[in-house]
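Trainee: I would like to go through this structure and ask what stands behind each term. Can we start once it is on screen?

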Amino acid sequence: MTKLLEVKNLVTHFVTQDGIVQAVNGVSFEVNQGEIVALVGESGCGKTVSSLSVLQLIPQPPGKIVDGKVIFAGMDLLKKSKEEMQKIRGSRISMIFQEPMTSLNPVLTIGRQLTEGLQFHLKLDKKEATRQAVELLKSVGIPHAEGRLNDYPHHFSGGMRQRVMIAMALACEPQLVIADEPTTAVDVTIQAQLLDLIRNLTLRLNTALIIITHNLGVVARYAQRVYVMYAGQIMEQGTAIDVYHNPLHPYTAGLLGSVPRLDEPRRTRLQPIDGQPPDLIAPPQGCPFAPRCVYVKPECKLKRLPLVEINSGHFTACLVAQEGALPWKKILSLK
Amino acid sequence: MEKDIILEVTNLTKYFPVTGGFFGRKKLAEVKAVDGVSFAIHKGETLGLVGESGSGKTTVGKNILQLQRPTSGEIWFKNKDLASLSNKELRPYRQKLQVVFQDPYESLDPRFTAADIIGEPLRLHKVKGGEYNKRIAELLKLVGLSPYMAERYPHEFSGGQRQRLGVARALALQPEFIVCDEPLSALDVSIQAQIINLLDDLKNKFGLSYLFISHDLSVVRHISDRVMVMYLGKLMEVADRDSMYEKPLHPYTQALLSAVPIPDPAVEAERKVIILKGEVPSPLNPPTGCVFHPRCFKAFEDCPKVVPVMGETSPDHHVACLLYKECWP
């Protein structure tokens, strides 16, 4: 498989009144051509900031990409000028945002917003762009597509708006689509419709897909490889099967233990993770999960732990696992 | 069985007028947010209420609490029909019926301290002096917070802690019945489990009954004894938890359950998912016959014509779908 995107040691900070927030703190990940990769984590773990950094959509200031490399198809995106990035965004890498109501422009028609990218990137004339826009709306399952080009975003329901977003993201047949919590604002039956649509379209175009989500079920259904993030760092990475069936980090195990599952006998009690994520203005020196970790050792708190490959392609930043013990397996088998 | 029913809802309807005209006085149409819903909640039971946005599940909760007055129907609690009482007559009953809201970021007054928030119901019901402070400390401990946090403001708490405050406020007047309206949806997964366990502990400790409103079917299965499914203002299926999840009868329930992704890639790879067509139609102009028929994968020619009634197909399993002979009017 060819490597399409490689993020190396990315560090993104935000300057606030209270201090510098270390939102992303040395994150590395890769995406191969046509692959579906998930970044999983809870709010504030840096999954969205990582992906916005890739596209240089971080507002600067207050944000700042302090360190790292973003290699996309052989180019270092962090060295590109504003104009060069504009040509890449939307045509080679595009994004599906979380809230379609706030990410579509409310005062422009859907047709105008769809044809804008086509005219800019593919240099189509207005007539041809309009024709393609209709095709796009049809391909994402919007009924009466011709008649809807002159409608404004508020004419569409939440699910339909997200379909328009998907059409926009795929308009120029990009090599990489980043979907940031694409279905958190919609109902379960619509969630299933939209995610299937995204998967089928990206498969057809051989487009790689990064799904950013906190929903462990969505990851299990769609992703081939998974990066588990916590407090701006990657805790564990591997194939979806490895990460779910043999978690090498107590945080991953904790997440899996805290969600009820429909396919298993009902447990009388859930196993929550006690405490809260750390303050990223003054994150812990050692492993960021150490303050909440049941299996913590004194060494965990001393210095940052690197990701180490335990099994082929399966990495963990947990010292306990690196030393060969997996005490959390006991709890998971309780389910 | 009849005796241990704590709350009974009969034929509840709530219509909202759609107004127009220059002064907004012309009534153009009606939205049938809740349309003829009947159910009972037993003492010590958690009844889960599932549905997508716009199904009317929150409206049911608000009407039980009399935060909205129903258009018609009865809500029986302690041998009184709450819907027929005046605001003044309702007061003693309000203590016993409490609510935990969805978003702990919006349902707590930012200018109130934790003690003010939890203490407000106490003040309204004239608890004073040393008793007042003692009760606040007690309530904070009860929900897993520390009494020294009493003077903090909501922004000094995390999301999970804020929801604990919301729970403490609901508990202040020793209620018997709590409506939990999507209490987890604003929280992260690892924190959700903390609140679920807290609600469970409190229920056992005080013998509470819950109406647990949620769109998360896995959580509802975990927490509920019985489950109701709503769609476009109507009940589709009511059953005890295990028979609902093991043998869902209504096609809508079947589709909902199959749409929930399971956090296991190996299971997901094998699973056949029912993907419903289209979206929830506008409640302004609901479909004829069975309201679900335009999206139903099992619909047949009678579905647009006949309105199904709730029928009991097996003990404690009720469904409203024409596939079952019990549901023909």
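Mentor: Start just after H8(A): A:Asn206 takes a positive phi of about 55° there. This is a predicted model, where local features need pLDDT of at least 70, side-chain atom pairs count only at pLDDT 80 or more, and totals for chains, interfaces and linings use all residues. Residues are numbered from 1 along each chain as its sequence is written, while chains are lettered from A and ligands numbered from 1 in the order in which they are written.

Trainee: What makes H8 of chain A a helix, and how do you know that its span agrees with its 18 residues?

Mentor: Helices are DSSP runs of H or I with at least four residues, and strands are runs of E with at least two, numbered from the N terminus. H8(A) covers residues 188-205. The expected span is 1.5 Å times one less than the number of residues. That gives 26 Å, and the end C-alpha atoms are 26 Å apart, so the two agree.

Trainee: Which residues of H8(A) are called buried, and what covers them?

Mentor: A buried residue has 20 or more other C-beta atoms within 10 Å of its own; exposed means 12 or fewer, partly exposed in between, with C-beta atoms placed from the backbone. Among those that pass in H8(A) are A:Val188, A:Ile190, A:Leu194 and A:Leu201. Their cover includes helix H7 (158-170) of chain A and helix H9 (251-259) of chain B.

Trainee: Why are E4(B) and E5(B) said to pair?

Mentor: Pairing needs at least two bridges found by DSSP. E4(B) and E5(B) have two, in the antiparallel sense, so they pair. B:Trp76 stands opposite B:Asp81. The two strands form a hairpin, and B:Lys78 in its turn has a positive phi of about 55°.

Trainee: What about E1(B) and E4(B), how many bridges join them?

Mentor: Five, and these strands run antiparallel. B:Val9 stands opposite B:Ile75 in E4(B).

Trainee: Where do the domain bounds of chain B lie?

Mentor: Domain 1 is 5-96 + 175-327, and domain 2 is 111-168. Such bounds come from an automatic or database domain assignment. The centres of the two domains, over C-alpha atoms, are 31 Å apart.

Key
Two residues are in contact if their C-beta atoms, placed from the backbone, lie within 7 Å.
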